[in-house]
Amino acid sequence: MPGIQPGSGAQRLRPEPPEELPAQESLLLAAAYVSDAQYNRNVPFQTSPQAIRLYCFYNHWTMRLATYLFICVDLSLALFEAPALFPLPFVATALAEVICLAAFSARLVHFAKVTAQMVFWKDTKNICIMVTIVVTLIDLIVYGSLEAFHVHSVRWTRALRPVFLINFPESRQIRRAFRSLRNTLPDILYVFLLFLFSVLMFSLMALKLFGDRGLKTAEGAPYFTNILEIAFELYVLVTTANNPDVMMPAYNFNWWYSLYFITYIIINTYIFMSVFLAVVYNNYRKHLKNEIRKLAYLKRHKMIEAFDILKVKVGTEFVVKEATWKQLAKAVAPDISSSHLELLLRISDEGQQGFVDKTNFLRLADLLNIQVVTVNLRRHPLEAWVPQVYQCSLSLLVQRVVRHRAFVWAYDVIILINAIFIALDEKHPFISYAEWLFLALYIVEILLKLYTYEPRAYFGRKQFWNWFDTLIIIAALVATVANATVQSARKYNSRQILDIVLILRILRLLRVIISIERFRVIVTTLINIGPTMLTFGGLVFVVYYAFAVIGMEMFHGKIQFFDPNSTSPDALVCGNPALKGSAFARDRYCKNNFNDLASSFVVLMELTVVNQWHVLAGGFALVTHQAAKLYFILFHIVVVILIVNIFIAFILEAFFVAYSLGKSEIETAIEKKIQELGVGIQEEDVEDWKLIRNTGARDSAFSGSDGDHRIKASEGLYFRIASKKYRTVDALLQRMFESEIASSDEGPSLEEILNFSPSDIYPKNPNFENSA
């Protein structure tokens, strides 16, 4: 296979006259625009040289990392404040919070220096951050003063700490998720009101049907005699958490009453909940497409701004000189290798004319977003050290066997047999000896692969499954030897080591995913949409944190957990007599409390799952007030009905895009140029070679100008597109809309872009034709 020799110098088709390079300030401004387009930033920064340098420093990864670090410290303070998991004095936590607030203030001042004052003061994000900082300081002073006089008060601003996570520019993904939630609320509201009307109608029916019949619940309480209790029980029934318990008293009294509950479940659980999901998905997708359309046009607008700064006139058209283009690309991506940069230039300057036209220039941000993997082809060390042995007939036979598909199938069968042995009795001597056999077979497999494939390629940076497989086998071997050593001493029986051994053995079954193509495609897709899932993970965390802090203030100390072996009478009622005879105490839910942040998160997770959530709500209502149920109902509405449905819509959309993702026009152009230059390598060939970072082979460049000048060698630099990898979530989601924008379409004005609305995409009066 032809390659590009490392260290070879760049050769041009023809000598070029010296080019006049742009001023440093102009290049820096253009680089800022391209960088914003690459990472989909929408910050209206000032264009003075000092402001541009401050803006570049503002976006530096160290500054962003420091901001996230202080946000994490600020949020983690709830672990150390009363009620605390790890108690610290108030002075220590207050000092840490003041330091975090000072860091946030400095970040805000830095942002104010790079943007216009009118823009800064009109931005609601900045106002939210400033107001939160001020009220937090006031709350700290008031709370500290009262604590000095031993007066208990509430730290109510702790629930506002996620404001910093949401409103700093770095968290635009989480902010977009909140916008999706906010934009979807008006459309959901009408469905939700209709749903509540249905619940109330059925509650009135239940009161008239069952209220005067003297029925009793399983606990002996009156059955359906209070309209508020009826409404709560029927709301719980929508989640199916109390089914069929809530129906049984009426069902036992008369079989026909079951029709009431069946009708209620069909209408409210199946129909209304499905309508909720449909409305959420439809509106989420509508607003998401509007957001992505805005991002796509903003990116193009920034690229046009960069082009206008660097353009020069050649003949009848404006272009960007090659040297200027290279300087710009280096300024935007300092770590890009010379060979990668030359490849992108060959794509942008198709005719090798020494300049890049406007159409190709506008693709620079997209080119930089597509990960091109540089592959350095190397010979196996054994081939260099002992070529006669490595190239002998027996050695070649072994290599052919290891590369053959049957070798993979054979080890798949071994893994499945190993799974059967794992399920059998571990204490049986035959099973114990068989485990050593399986370990030996796995070690032989790794050694054979290292003998066949170049070791640095096998353990390349992108070879996740090879690393996973090897580490699992090595860890299992070490744990098995350690367990055998401990047991042979006959003095210890380490259950923890044995558990680790069993887990590592079971994890080996994941290797089957490597072999089955459809499994691998699904897992790869899930990995690719991982950042999108993390976005909504941040949204859920913010909501959890706020509800957890509120829950700790309302319920901490009301319920206590006792050791299961405790003989104290309070252990039977979770330390609160109000729970005597309740389902909460009977089911031993005492550890489900709000006595610290970690326990609060566990309770909220249980509420999200919804099973038995009414028992939790009833328990906390007994130890406080029946109005406490509103807290749990509100959490269910916000998290389960709204956020979970939006999360499902988000994952569905991202999964559909990623799973059905074909190559974009730009990816196709890159691959076409790679093949034209004869420096392409297929995905299945990569495992034979070493993958190096783009920063490797910095001094390498292309030799030859076309196919006739390709170097026929077995070693050198090759390229391939990283398999459907995108550096940003936006770059993945923009695939939904990029095909709808013509390459020559410069888009509307900036003001029109910022005022886009979903109604611009969808017709107000749809008919069959435009709906289709």
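**Patch, burial and salt bridges**

Modeller: Let's start at the surface, where Tyr251, Trp255, Trp256, Leu259, Ile262, Ile266, Tyr270, Ile271 and Val275 form a nonpolar patch with about 920 Å² of accessible area together. This is a predicted model: local features need pLDDT of at least 70, side-chain atom pairs count only at pLDDT 80 or more, and totals for chains, interfaces and linings use all residues. Numbering starts from 1 along each chain as its sequence is written, and side-chain values use heavy atoms, with hydrogens and water left out.

Colleague: Which helix gives the most to the nonpolar patch?

Modeller: That's α11, with six residues. Helix α11 covers residues 258-310 and holds Leu259. Helices here are DSSP runs (H or I, at least four residues; strands are E, at least two), numbered from the N terminus.

Colleague: What does Ser258 touch?

Modeller: Leaving aside residues up to four places away in sequence, Ser258 touches Met247 and Tyr251, where contact means heavy atoms within 4.5 Å. A polar atom of the Ser258 side chain also lies 2.7 Å from the backbone oxygen of Trp255.

Colleague: Over to charges. Why is Asp123 with Lys125 called a salt bridge?

Modeller: The term needs a side-chain nitrogen of Lys or Arg within 4 Å of a carboxyl oxygen of Asp or Glu. Asp123 and Lys125 meet at 2.9 Å, N to O, so the pair qualifies. Asp123 is buried at 17%, and Lys125 is buried at 19%. The structure holds 18 salt bridges.

Colleague: What makes Glu322 and Lys326 a salt bridge?

Modeller: Their N to O distance is 3.9 Å, so the pair falls within the cut-off. Both lie in helix α12, four residues apart, about one turn of the helix. Glu322 is buried at 6%, while Lys326 is partly exposed at 26%.

Colleague: Which other partner does Lys326 meet in a salt bridge?

Modeller: Glu342, at 3.7 Å, N to O. That pair links distant parts of the chain, with Glu342 in helix α13 (residues 338-348) and Lys326 in α12, 16 residues apart. Glu342 has 5% relative accessibility, so it counts as buried.

Colleague: How do you know that the buried residues of α12 line one face?

Modeller: In α12 (residues 322-332) they are Glu322, Thr324, Trp325, Leu328, Ala329 and Val332. Seen down the helix axis, they fall within an arc of 160°, so they line one face. The arc is taken from the directions from the helix axis to the C-beta atoms.

Colleague: And how many helices and strands does the protein have?

Modeller: It comes to 35 helices and six strands, and buried residues make up 46% of the 772 residues.

Definitions and conventions: A polar contact is a pair of N or O atoms within 3.5 Å; within protein, one must be able to donate a hydrogen and the other to accept it, and residues adjacent in sequence count only if both atoms are side-chain atoms. Buried means under 20% relative accessible area, exposed over 50%, partly exposed in between (1.4 Å probe, protein chains only). Patches are made of residues with over 30% relative accessible area and no salt bridge: like charges are joined within 9 Å, nonpolar side chains (Val, Leu, Ile, Met, Phe, Trp, Tyr) within 5 Å. Accessible areas come from the Shrake-Rupley method with a 1.4 Å probe; for residues, only the protein chains shown count as cover.
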